[in-house]
Amino acid sequence: MESKVYYVSYFNEQIDALSATRSLAVACKNGFRLYSLNCADTLDMIYTNIKDDTCLVERLFSSSLMAIVSITAPRKLKVCHFKKGSEICNYSYSNTILSVKLNRIRLVVCLEESLYIHNIRDMKVLHTIRDTPPNPNGICALSINSDNCYLAYPGSNYIGEVQIFDAINLHAKTMIPAHDSPLAALAFIPSGTRIATASEKGTVIRVFSVLDGSKLYEFRRGVKRCVEISCLAFSTCSRYLACSSNTETVHIFKLEEPQVSPRKSVDASWMGYLSTYLPTQVTDVFTQGRACMTAHLPFSGVRNDVAVTTIQNQLRLLVATEEGFLYIYNMDGPEGTELTLYKQFSLDGVANNADGTRPEPQFLMENEGSTILGSYAGIVKGHPPGQMSGTESDKFREMAVATESPPKDGFQFTDDQEYPPLTQNSD
C-alpha cells in the first residue's frame with residue numbers, strides 16, 4: 001500500500017442517541033480499504049480492493065453501499081455494493097468530483113461550481129444547484145439525520161457565508177454570515193440542527209442553529225497564529241466538537257451552557273464595562289470558549305481527519321492522517337488536560353503493540369483484489385448555467401440521460417440486520 005493516503009472518512013453505525021463511529025475508509029493510489037473500529041486494540045480489515053485507484057470513497061453508514069471516485073476518472077462516480085463485488089450504477093459529470101456526501105435518502109456530489117442532489121433509493125438526480133461560488137476544495141456538509149436533511153456549502157469565496165439547503169424539500173433554507181474570511185470547514189451535529197464552521201484564518205470556531213442561523217457557541221482555537229483547518233467533527237454524543245489543523249495540536253471543545261456563579265457575574269459586569277472602551281475584537285478574545293482537552297500529535301503539516309466516538313464504552317479521539325496512520329487517544333482524563341495516546345496503527349492493517357511489536361492484521365473478509373462487475377450506467381451531462389431555484393429540478397431531470405434505468409425497487413440489501421429499508425420513514 002502506498003504511504004500517501006488521498007482520503008479518509010469515518011462512518012456511523014446508526015442515527016440515534018446510541019450512534020457510534022464503527023468503520024474507517026481509506027482511499028489511496030492502489031485502491032481502498034475498510035477497517036472496523038469496534039475495538040481500540042486491533043484494526044480489523046473489513047474489505048480491501050487493490051485494483052482500482054481511488055481518490056474518494058464514502059460508505060453509507062454500516063451498509064455495503066459505497067460511492068467511489070477514481071484517480072484516473074475523476075469525473076465519474078461509481079455506486080457499488082462492496083460485499084457482492086458489483087457496481088450498481090455510475091454517473092459522469094462535467095467537471096472533477098471534489099467531494100461526495102450521503103445519508104439514508106440523499107447523495108450529494110460537489111463540483112467546483114455546482115452541486116447535484118440524488119435520490120439515493122434510485123440514484124435519480126432530483127436537483128442541481130448551479131453557479132455556486134468557486135469552491136476548489138469541495139467544502140460541503142450533509143446532515144446524517146434524515147429528519148433534518150440539510151446541505152451546507154459556501155455562499156461566497158470572499159467571506160465566510162454558509163448556505164443551508166433543505167435537501168428533502170429542495171429549496172434554500174437560510175444563509176449564515178459565519179466569518180469574515182472564506183470558509184475552511186463545515187460539520188453538522190448528528191441531529192442536523194446545528195452546524196460548526198471555521199474560516200481560512202482558523203482562529204475562531206463557531207456553532208450556529210440551522211433553524212434560525214443564530215450563533216450558539218464561539219470557541220477560540222488560538223491567538224498567535226493562523227492555521228489551515230483540516231477537519232471539524234462533532235462527537236456522536238453531540239457534547240464535544242473536535243478541530244484539527246496543520247499544526248500538531250487537536251483541540252476539543254465542550255458544548256455546554258455556562259453555569260452562572262457570583263464570580264462569573266462579576267466577570268460579566270467587568271467585561272461589559274470594558275466593552276464600552278475596547279474594540280469588539282479585543283473583548284471577543286476574553287468571552288470566547290477555550291478547548292477543554294487537547295491532543296498533541298507526533299507530527300505537524302500533515303492533513304488529517306478526526307472523529308470523537310465511543311469505542312468499548314469509552315470516549316476516544318480518532319485521528320487518521322494522509323501519511324497512512326491512525327492514532328487513538330483516550331478521553332477519560334479531567335478537563336483541561338492533554339489526552340493520552342492509547343494506540344497507533346498503520347493503515348496497512350498493522351498495529352503497534354504496547355511492547356513495540358507489530359502483529360499481523362486480522363481480515364474479516366477475504367476479498368483481496370476483488371473486481372467490480374456489471375453496471376447500470378447513468379450519465380449526467382454538463383449544461384449551461386441556470387438559476388439556483390426549485391424550478392431547475394424538473395428541467396434538469398429532463399436533460400439527464402441514463403443508458404440503463406436504476407432498479408425500480410431501489411437499492412435492496414439481503415441482510416436486514418445490515419441496514420434498514422431505504423425509505424424516508426426508516427429513521
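A salt bridge is taken here as a side-chain nitrogen of Lys or Arg within 4 Å of a carboxyl oxygen of Asp or Glu. The structure examined is a predicted model, in which local features need a pLDDT of at least 70 and side-chain atom pairs count only at pLDDT 80 or more, whereas totals for chains, interfaces and linings use all residues. Residues are numbered from 1 along each chain as its sequence is written, and side-chain values use heavy atoms, with hydrogens and water left out.

The protein contains 32 strands and three helices, assigned as DSSP runs numbered from the N terminus (helices H or I, at least four residues; strands E, at least two). Of its 427 residues, 55% are buried; buried denotes under 20% relative accessible area, exposed over 50%, and partly exposed the range in between (1.4 Å probe, protein chains only). The accessible surface comes to about 19100 Å², and carbon and sulfur atoms contribute 48% of that area; areas were computed by the Shrake-Rupley method with a 1.4 Å probe, and for residues only the protein chains shown count as cover. Among contacts (heavy atoms within 4.5 Å) with a separation of 6 or more, 48% involve residues 24 or more positions apart.

The average pLDDT, the predictor's confidence in each residue from 0 to 100, is 77, and 70% of the residues score at least 70. Residues 279-286 have a pLDDT below 50, and this stretch has seven contacts in the model beyond near neighbours in sequence. The pLDDT is likewise below 50 over residues 412-427, a stretch with 34 such contacts.

Side chains of opposite charge can pair when their charged atoms come close. Arg206 and Glu218 are both buried.

Lys254 takes part in two of the pairings: one with Glu256, at a closest N to O distance of 3.7 Å, and one with Glu335, at 2.8 Å. The latter pair spans 81 residues, from Lys254 in strand S23 (residues 249-254) to Glu335 in the loop between strand S27 (325-330) and strand S28 (340-346). Lys254 is buried because its relative accessible area is 16%. Glu256, at 41%, counts as partly exposed, and Glu335 is partly exposed at 43%. Finally, salt bridges with shared partners connect Arg206, Lys215 and Glu218 in one network.
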